[in-house]
Amino acid sequence: MRAEAVDRVRCVFTLFDADGNGFIEADDFELMAGRVIEAVPGAADAKHGAMLSAFRAFWGSLETELDANRDGRIDFEEFQAVVLAPERFDEAIGEFSEALSTLADPDGDGLIERPVFVGVMTAIGFALPNIHSLFDGLEPTSTDQVAVSDWAESIRDYYRPDLAGILGDRLVGTPTG
C-alpha cells in the first residue's frame with residue numbers, strides 16, 4: 001500500500017471522527033452529514049436526503065465490514081482496511097462521492113462554484129488552503145466552477161490505495177499547487 005493512501009486515510013479518519021473521541025461511530029456520520037447539508041441550504045430536499053442516505057450507507061458499510069469487535073465504533077486500525085480492501089467499499093464510496101458532488105451543485109448545471117465547494121469541504125473539516133488547492137487542481141472554468149463529475153472522480157480516487165500524486169493528496173498536510 002502506498003504511503004500516500006495511508007496519509008489520506010489517516011486524514012479522513014480524523015475528519016470522520018466528528019466528535020473527536022478517537023473512534024468513528026454512527027453519530028459522527030450523522031453530525032457530519034448535518035454539517036454538510038447545512039453548508040448547501042439552497043439544494044433541493046432530495047439532494048439533502050441523498051447526502052444523508054449516502055453518509056448512512058457509508059457508515060453501514062464501515063460498521064459491517066470493519067467493526068471487528070462489534071462494539072459499534074471503529075478505531076484507526078480497523079479503519080485502515082478501507083484502503084487494504086477498497087473493493088469492499090466501492091459501492092458506498094461511489095454513492096457518497098455522487099451524493100456529495102451533486103449536493104454541491106444546487107442548480108443542477110453540472111458545475112460547482114468555488115464558494116459552495118469551500119462551504120462543503122469546510123463543513124467536512126478540511127483546511128481552507130488545502131480546499132482551495134484541490135479546487136484549483138480540478139481546473140476551474142473561467143467563471144470559477146468545476147465539473148461535478150471531476151470532483152466525484154477525485155473523491156473515489158482518494159480511497160484508492162494504488163494511487164499517488166492524485167488531487168486528493170492536496171487535502172493532506174501542506175497544500176501544493
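User: What share of the protein chain's residues count as buried?
Analyst: Of its 177 residues, 47% count as buried, where buried means under 20% relative accessible area, exposed means over 50% and partly exposed is in between (1.4 Å probe, protein chains only). Keep in mind that this is a predicted model: local features need pLDDT of at least 70, side-chain atom pairs count only at pLDDT 80 or more, and totals for chains, interfaces and linings use all residues. Residues are numbered from 1 along each chain as its sequence is written, and side-chain values use heavy atoms, with hydrogens and water left out.

User: OK. How many helices and strands are there?
Analyst: The protein chain has nine helices and four strands, and along the sequence they run α-β-α-α-β-α-α-α-β-α-α-β-α. Helices (H or I, at least four residues) and strands (E, at least two) are DSSP runs, numbered from the N terminus.

User: On to charges. How many salt bridges does the structure hold?
Analyst: Seven, counting a side-chain nitrogen of Lys or Arg within 4 Å of a carboxyl oxygen of Asp or Glu.

User: Where does E30's partner R56 sit?
Analyst: R56 is in helix α3 (residues 45-66), while E30 is in helix α2 (residues 26-39), so the pair links distant parts of the chain, 26 residues apart. Their closest N and O atoms are 2.6 Å apart. Both ends are partly exposed: E30 has a relative accessible area of 33% and R56 has 44%.

User: What about R156, which residue does it meet in a salt bridge?
Analyst: The side chain of R156 meets that of E98, at 2.9 Å from N to O. R156 lies in helix α9 (residues 148-158) and E98 in helix α6 (residues 90-103), so this pair ties together parts 58 residues apart in sequence. R156 counts as partly exposed at 33% relative accessibility, and E98 does at 38%.

User: Which residue pairs with R73?
Analyst: D71, with the closest N and O atoms 3.5 Å apart. R73 is partly exposed at 30%, and D71 is partly exposed at 38%.

User: Last one: which residues are linked in a network of salt bridges?
Analyst: R114, D136 and D144.
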